[in-house]
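Subject: Structure handover

Dear colleague,

Here is the structure I said I would pass on. My notes on it follow below.

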Amino acid sequence: MSVRSRLLAITALVAFAAGCFAPNPTRKPRDLGGQHVSFTTSDGVLLRGHLYGTGSTGVILAHMYPADQSDWTDFAQVLAGHGYQALTFDFRGFKESEGRSGTEFAGTDLLAAYQFMRPRVSRIFIAGASLGAEAAILVAAREDVAGIICISTPTSFGGLVVTDSIPHVRAPILFVTSADDPLVAGQPEILYRLAVAPKSMQVYPGRAHGTAILFGPYGPELQALMLRFFADNPGNAYGPQASGL
């Protein structure tokens, strides 16, 4: 690799990290609150998370790369206060979870979280940021969900491609992005056009990526928007028995 190529690669990596890390305070697992929970993926990786609230409607919150579940802690507590049961968790190789980091397995990890929540609630929403939003699309394309929220969603990243999956999602979709986000420029709009489910899109000014939006000036507005999405799309209850479990 030439010196110029190396410099370009380093510049891109710095820009990516700066855009992806939400400016939230660093927290240790004991500071995240909620009930400590764990579950195992289909390929045997132990994932750990935190469960908040006791409501009959569940919301799974999937983090972006290279962040962790603590990006969602504040909103999970908000959800619990509004009567929802919210689950945050770390993808494999991140913070509390075991295994080696492998972003290509994000859909597998989120499916394990879904299967953990499935018998505990009557319906499930998924909200994901960036990599977590990709995983949300992959799971919603094959499982029964009440709706998904996709924040700053790339068409492909980390070994995942979601352009073929998004047309198979039947649940309502809320797309959220920033107008000048350089990491996914134009990609959420592509997915919006490909989606055939009931859909809406919110575009905020600025460059914030993923859960960084929650910690910026539009954070309160985004929280209110997500709460309204959950309230407006109750979906159908699953019934007494979780299928496939």
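A residue is called buried here if its relative accessible area is under 20%, exposed if over 50%, and partly exposed in between, with a 1.4 Å probe and protein chains only. Helices (H or I, at least four residues) and strands (E, at least two) are DSSP runs numbered from the N terminus. The model is predicted, with local features needing pLDDT of at least 70 and side-chain atom pairs counting only at pLDDT 80 or more, while totals for chains, interfaces and linings use all residues. Residues are numbered from 1 along each chain as its sequence is written, and side-chain values use heavy atoms, leaving out hydrogens and water.

Overall

The protein has six helices and ten strands. Of its 245 residues, 52% are buried. The accessible surface comes to about 10,700 Å², and carbon and sulfur atoms account for 54% of that; these areas come from the Shrake-Rupley method with a 1.4 Å probe, and for residues only the protein chains shown count as cover. Contact means heavy atoms within 4.5 Å. Of the contacts between residues at least 6 apart in sequence, 72% join residues at least 24 apart.

The sheet

Eight strands make up an open sheet with mixed pairing, in the order β1-β2-β4-β3-β5-β6-β9-β10. Its edge strands, β1 (35-40) and β10 (199-204), each pair on one side only. On average, neighbouring strands of the sheet are turned by 20° against each other, direction ignored. Helix α5 (residues 187-194) packs on the sheet and touches β9 (173-178) and β10. The direction of α5 makes about 165° with that of β10; axes are lines fitted to C-alpha atoms, for helices over the stretch in contact, and angles run from 0 to 180 degrees between N-to-C directions.

Two strands count as paired if DSSP finds at least two bridges between them. Strand β2 (residues 46-52) runs antiparallel to β4 (residues 85-89), and four bridges join them. In this pair, glycine 49 stands opposite phenylalanine 89 of β4.

Glycine 58 stands opposite isoleucine 124 in β5, and alanine 127 opposite isoleucine 149 in β6. How many of the seven residues of β5 are buried? Seven of the seven are. Arg123, Phe125, Ala127 and Ala129 point one way from the strand, and Ile124, Ile126 and Gly128 point the other way.

In α2 (residues 73-81), the buried residues are Thr73, Phe75, Ala76 and Leu79. Seen down the helix axis, the buried residues of α2 fall within an arc of 165°, so they line one face of the helix; the arc is that of the directions from the axis to the C-beta atoms. They pack against β2, β3 (57-62), β4 and α6 (219-232). Just after α2, glycine 83 takes a positive phi of about 90°.

Helix α4 (residues 131-140) is mostly covered, with nine of its ten residues buried. Among them are Leu131, Glu134, Ile137 and Val139.

Individual residues

Tyrosine 204 sits in strand β10 and is buried, with a relative accessible area of 2%. Leaving aside neighbours within four places in sequence, tyrosine 204 is in contact with Val176, Thr177, Ser178, Ala179, Ile213, Tyr218, Glu221, Leu222 and Leu225. Tyrosine 204 and valine 176 are 28 residues apart in sequence, with 7.8 Å between their C-alpha atoms.

Arginine 92 lies in the loop between β4 and α3 (106-117). Is arginine 92 buried or exposed? Arginine 92 is buried, because its relative accessible area is 5%. Its side chain makes a polar contact with the side chain of aspartate 109 (2.8 Å). A polar contact is a pair of N or O atoms within 3.5 Å; within protein, one must be able to donate a hydrogen and the other to accept it, and residues adjacent in sequence count only if both atoms are side-chain atoms.

Proline 217, in the loop between β10 and α6, counts as exposed at 74% relative accessibility. Proline 217 and proline 205 are twelve residues apart along the chain, and their C-alpha atoms are separated by 9.9 Å.

Regards
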